[in-house]
Amino acid sequence: MTDSFIDRLCKALRKGSVLTGTDIDSRYYHDLAGKPVAQPRAVVRPRTTEDVSALLRLCHGEKVPLTTQGGMTGLVRGALPNPNEIVLSMELMNAVEEVDISSGAAVAQAGTPLQKIQERVGQEGYMFPLDLAARGSCTIGGNISTNAGGNRVIRYGMTRDLILGLEVVTADGTVLQGLRKYIKNNTGIDLKQLFIGSEGVLGVVTRAALRIFPAPRERQVALCALPSFTRVISILGMARKHLGGELSAFEVMWNEYYRLALERVNGMVRPLPVDYPFYVLIEASGDDAHRVHADLEKLLDTAMRANMILDATLSTSNASAAAIWRIRDCSLELARTFPYAARIALDVSIAINRMDQYVKTIVARIKEIDPGAFTIVFGHAGDGNLHIELHHEHTPDRRQELERLAYQITSEFGGSISAEHGIGIVKRPYLQMSRTWEEIETMRTLKRVLDPNNILNPGRIFMM
């Protein structure tokens, strides 16, 4: 990449769109763990789809690679630039352009923070149900890029299920105008699906039409203590049966997570004692406050009478509900209280009836390598997604060995090595443990067709 190319960028795009040298803030080349990479040659901050198209045409013509960035909340180093790459930051394309109640849709630019969308549609009495702890800083473009899951997948599905249409710019600058605000559209191949979850390797999402729903008038949260994972599965079945469409979240926390969160994270409340084996957070929501409360209370009473749960508490206000959710949402804060160099974060999908044995297997086999290692386990059990943190403070030099072992065990249990965080660069060496050679080669074929010069997020997911 030559200086003359940077000059051409500056001339082709509006003033102030291109940052170079000392104008490039460190946030463009640091991740959540604070680990830096080399400073990019330039950071381009478009304001319109036309700006993105102009940039990609130039990069395509000169075969200049670039990395697309949103809120930089990813956990697989997928948005950190490789050496000699340009950063395409979507931070200035951050508008909620439209909220269309009649269509049940909102249109937002890709750089819009998730929380901003939630708050804007909330002004109309609606909700955008995608929700995760990074809501204040993650962007909808990044959510789409990784097909984010989060807290309410059990009721509303993944990001993929919440997208009506996308506007996308392909590697050569072509704009695909797919910003449609309706569900039914059987007019050939559904192109938007190619870009959801593809981590920016096939195109750059610039705008999205999102499904929104009337906001429930009532939301109740319960926290339950259980003696075994067998009981966790039983309570999940009961919750689905007793709450039906009111069930909006079902989260599980192993003892280590709950106990350490209360011990190590500031500002936490203690709704239940810390000596129970498992903790389950159940959220129910709906328009009839009396019914939501009664249904959840009946579920807890039935489970208590059957000796299925050991203890429970039910939220009495929005504040108490938020305090319970705070425990589940503090995972990143908790992780930061341990040394990064000796911490491995797993985001996996496992059949629910195999989760308990899977966790026990990982714990046992990790300890064969490092007897002092320990695990912290939590996740969206209702949709088969576990987050596991492996801590091996005595053997930081064996990280790769431990990581490979964990993913190999995931493969042995027929699981996915990435439930919602994506592959990026961190998980790329292990992709074949969840996908077949034929599947990966088909992905490469799509990449060759849509990005023949391999300029979009090169090296993410797979190598060409």
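Colleague: Which residue in strand 4 stands opposite Val43?

Modeller: Val87 is the residue opposite Val43. Strands of a sheet pair through backbone hydrogen bonds, either parallel or antiparallel. Here strand 2 (residues 42–44) and strand 4 (residues 86–89) pair in the parallel sense over three bridges. Strands (E, at least two residues) and helices (H or I, at least four) are DSSP runs numbered from the N terminus, and two strands pair if DSSP finds at least two bridges between them. This is a predicted model, in which local features need pLDDT of at least 70 and side-chain atom pairs count only at pLDDT 80 or more, while totals for chains, interfaces and linings use all residues. Residues are numbered from 1 along each chain as its sequence is written, and side-chain values use heavy atoms, with hydrogens and water left out.

Colleague: In what order do the strands of that open sheet run, and which stand at the edges?

Modeller: The order is 1-2-4-3, with mixed pairing. Strand 1 (18–19) and strand 3 (66–69) are at the edges with a single partner strand each, so one side of each has no neighbour in the sheet.

Colleague: What is the strand order of the seven-strand sheet?

Modeller: That open sheet runs 15-12-14-13-17-18-16, with antiparallel pairing. Strand 15 (311–314) and strand 16 are its edge strands, each pairing on one side only. From one strand to the next the twist averages 15°, with axes fitted to C-alpha atoms (for helices, over the stretch in contact) and angles taken from 0 to 180 degrees between N-to-C directions.

Colleague: Which helices pack on this sheet?

Modeller: Helix 8 (residues 255–264) packs on it, touching strand 12, strand 13, strand 14 and strand 17, and makes about 85° with the direction of strand 13. Contact means heavy atoms within 4.5 Å. Helix 7 (residues 229–243) lies across strand 12 (218–226), strand 13 (247–254) and strand 14 (278–286), at about 170° to strand 13.

Colleague: Which residues pair with strand 18 on its two sides?

Modeller: Strand 16 (residues 343–349) joins strand 18 antiparallel through seven bridges; Arg343 is partnered with His391 and Leu346 with Ile388. Strand 17 (residues 374–380) is likewise antiparallel to strand 18, by seven bridges, with Val377 opposite Ile388. Four residues separate strand 17 and strand 18 in their hairpin, where Gly384 takes a positive phi near 80°.

Colleague: What lines the second largest pocket?

Modeller: Its lining has 31 residues, with Gly197, Ser198, Arg435, Met443 and Ile461 nearest the centre. On a 1 Å grid over the protein atoms alone, a pocket is an open set of points with protein on both sides within 12 Å along at least five of seven lines, a cavity is a set where a 1.4 Å probe fits but cannot get out, and lining residues have an atom within 4 Å of a point. Helix 14 (437–450) is among the helices that supply at least two lining residues, and its five residues are the largest share.
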